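Hi everyone, thanks for making time this morning. I'd like to walk you through one protein, starting with its charged pairs and then moving on to the overall fold and the surface. Please have a look at it first.

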Amino acid sequence: MKADVFDPRALREAFGAFPTAVTVITASDPADRPVGFAANSFTSVSLDPPLLLVCVAKTARDYPAMTAAEHFAINILSETQKDVSIKFARPLEDRFA
Ligand SMILES: Cc1cc2nc3c(=O)[nH]c(=O)nc-3n(C[C@H](O)[C@H](O)[C@H](O)COP(=O)(O)O)c2cc1C
């Protein structure tokens, strides 16, 4: 099916009707500054070997730091941490302030 058949707003509402857990993926950039963004693309892949999947937008400000980092953390948010997910989804200068 061709993409231009879809009404973008209707598609956005359809995607938004499917609730998934929200995580905040964090790491350090080469200058040791913390970086992080809200993500719901987190998926468990395998126990042995231990593997997970996160899709990072190539256009994201943190893409270079995230893909260069040797370590990262998956912060699984509780339902009381909506404020955290909003902070880490917005283009704030310092999401850790
Ligand atoms: C509920 C939710 C889930 C998101 N999931 C992802 C995701 O899986 N991958 C991703 O790259 N961005 C995701 N985003 C967008 C990022 O949180 C963030 O807005 C984006 O990286 C833009 O950041 P920037 O302004 O620093 O470039 C999600 C946003 C929201 C609100």
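So, let's begin with the salt bridges: the structure holds 3 of them, where a salt bridge is a side-chain nitrogen of Lys or Arg within 4 Å of a carboxyl oxygen of Asp or Glu. As a reminder, side chains of opposite charge can pair when their charged atoms come close.

Before the details, a word on what you are looking at. This is a predicted model, in which local features need pLDDT of at least 70 and side-chain atom pairs count only at pLDDT 80 or more, while totals for chains, interfaces and linings use all residues. Residues are numbered from 1 along each chain as its sequence is written, and side-chain values use heavy atoms, with hydrogens and water left out.

Now to the pairs themselves. Arg9 and Glu13 meet through their side chains at 3.3 Å, N to O. Both sit in helix 1, residues 8-16, and they are 4 residues apart, about one turn of the helix. Helices here are DSSP runs of H or I with at least four residues, strands are runs of E with at least two, and both are numbered from the N terminus. Arg9 is exposed at 54% relative accessibility, and Glu13 is partly exposed at 48%. For those words, buried means under 20% relative accessible area, exposed means over 50%, and partly exposed is in between, with a 1.4 Å probe and protein chains only.

Next comes Arg33 with Asp29, whose closest N and O atoms are 3.1 Å apart. Here Arg33 is exposed, at 52%, whereas Asp29 is buried, at 14%.

And then there is Asp62 with Arg95, where the closest N and O atoms are 3.6 Å apart. Which parts of the chain does this pair tie together? Asp62 lies in the loop between strand 4 and helix 2 (63-68), and Arg95 in the segment after helix 3 (82-87), so the pair links parts that are 33 residues apart in sequence. Asp62 is buried, with a relative accessible area of 9%, and Arg95 is buried too, at 12%.

Let's step back to the whole protein. There are 3 helices and 5 strands, and from the N terminus the order is α-β-β-β-β-α-β-α. The C-alpha trace spans about 45 × 40 × 30 Å along its principal axes. Of the 97 residues, 19% count as buried. If we take contacts, meaning heavy atoms within 4.5 Å, with a separation of 6 or more, 51% of them come from residues 24 or more positions apart.

While we are in helix 3, have a look at Ile86, which lies there and is partly exposed at 33%.

Finally, the surface. What forms the nonpolar patch? The answer is Val45, Leu51 and Leu53, with about 260 Å² of accessible area together. Patches are built from residues with over 30% relative accessible area and no salt bridge, joining like charges within 9 Å and nonpolar side chains (Val, Leu, Ile, Met, Phe, Trp, Tyr) within 5 Å. Accessible areas come from the Shrake-Rupley method with a 1.4 Å probe, and for residues only the protein chains shown count as cover.
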